[in-house]
Amino acid sequence: MKFETNIGMSKPDAIYVHGYNLTEDLIGHITLADMAFLGAMHRRPTEAESKMLNACMVAICEHGFTPSSISARLTYLGAPEAVQAAVAAGLLGAGSVYLGAMENTAQMLQEGWEKYGEDQEIGEAANRILEERKAKQLQIMGFGHPVHKPVDPRTTKLFALAQDLGFSGKHIALMQEIHQQLSEQKGKQMTLNAAGAIGAILSDMNVHFSVLKSFAVAARAIGLIAHIVEEMEAGRKESMAQKLYDHIEENTAYLKEI
């Protein structure tokens, strides 16, 4: 039986990753996000690609008390000897509501452009996408936020950076047109959130939608470090997870008598 890989191999005096000498070509020369790009795209990013991907990953790395960070803290409370379990628990909830929305947005844009964008004016293409998703009762991805209304500040910053770095292309234009039409339909300015912005930006960087969640998960794994360290520093009795556990225990009404 023979196995094949282009990812990594070691010799007595050298390690090679994606065809690069790890110690001579990569260590001290590229960032962690660049390594993620290298793994996904099979090449080192350009300077502009590096800046843009790093910015996108920083934007979604940390977002306070979310199901992801709470899960990590609770898992650490139960298994402080296994930090990796806490990180893993924090990543298991990556889906259509948290972390996965950028992948779904990119799929909406990439498939929508392929179906309508090549032959239609962009306004008509956006309209066709909205009509199709309404007919199929599919969510319009990349919109809404419980806190940032009507503007997500991350979206403004990321779109400006994409413009400066030369990544403001057809998918961002399509997303902005969808935003405008959706806001007109709803009669108010809808929030184009960071997941929507990143889905559009990475699409214009030629990243396939199926890869996007990988970048989101990698970014969140880094963000979870701070939550776990905060639990360590607080000590078990004063940790957020212990307080949450105690609060639920003290405020739960058991409806069925034993």
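Predicted model: local features only at pLDDT ≥ 70, side-chain atom pairs only at ≥ 80, totals over all residues.
## Helix 8 against helix 10

Helix 8 crosses helix 10 with a left-handed sense. Helix 8 covers residues 153–165 and helix 10 covers residues 194–204, and their axes lie 8 Å apart at an angle of about 15°. That angle makes helix 8 roughly parallel to helix 10, because angles under 35 degrees count as roughly parallel.

Which residues bring the two helices together? From helix 8 come Arg154, Thr155, Leu158, Phe159 and Ala162, and they meet Ala194, Ala197, Ile198 and Ile201 of helix 10. Sorted by class, this contact of helix 8 with helix 10 holds seven nonpolar residues, one polar and one charged.

## Helix 2 against helix 3

Let us turn to another helix pair. Helix 2 (residues 32–41) and helix 3 (residues 47–59) have axes that come within 9 Å and cross at roughly 110°. With that angle, helix 2 is roughly perpendicular to helix 3, because 65 to 115 degrees is the range for that label.

On the helix 2 side, the contact is made by Ala33, Asp34 and Phe37, while helix 3 contributes Glu49, Ser50, Leu53, Asn54 and Met57. The contact of helix 2 with helix 3 divides into four nonpolar, two polar and two charged residues.

## The largest pocket

Now for the pockets. The largest pocket has a volume of about 590 Å³, and 24 residues line it. Nearest its centre lie Val97, Tyr98, Leu99, His145 and Asn193.

Helix 7 spans 122–135, and both helix 7 and helix 9 (170–186) supply at least two residues each to the lining of the second largest pocket. As for residue classes, this lining has six nonpolar, two polar and four charged members.

Definitions and conventions:
Residues numbered from 1 in each chain as written. Heavy atoms only, no water. Axes fitted to C-alpha atoms, helices over the stretch in contact; angles between N-to-C directions. Helix = DSSP H or I, 4+ residues; strand = E, 2+ residues; numbered from the N terminus. Parallel < 35°, antiparallel > 145°, perpendicular 65-115°, else oblique. Left-handed = near helix turned anticlockwise from the far one by under 90°. Contact = heavy atoms within 4.5 Å. Nonpolar A, V, L, I, M, F, W, Y, C, P; charged D, E, K, R; others polar. 1 Å grid on protein atoms, 1.4 Å probe; cavity = no way out; pocket = protein on both sides within 12 Å on 5 of 7 lines; lining within 4 Å. Points joined across faces, edges and corners; volume = space filled by probe spheres on them.
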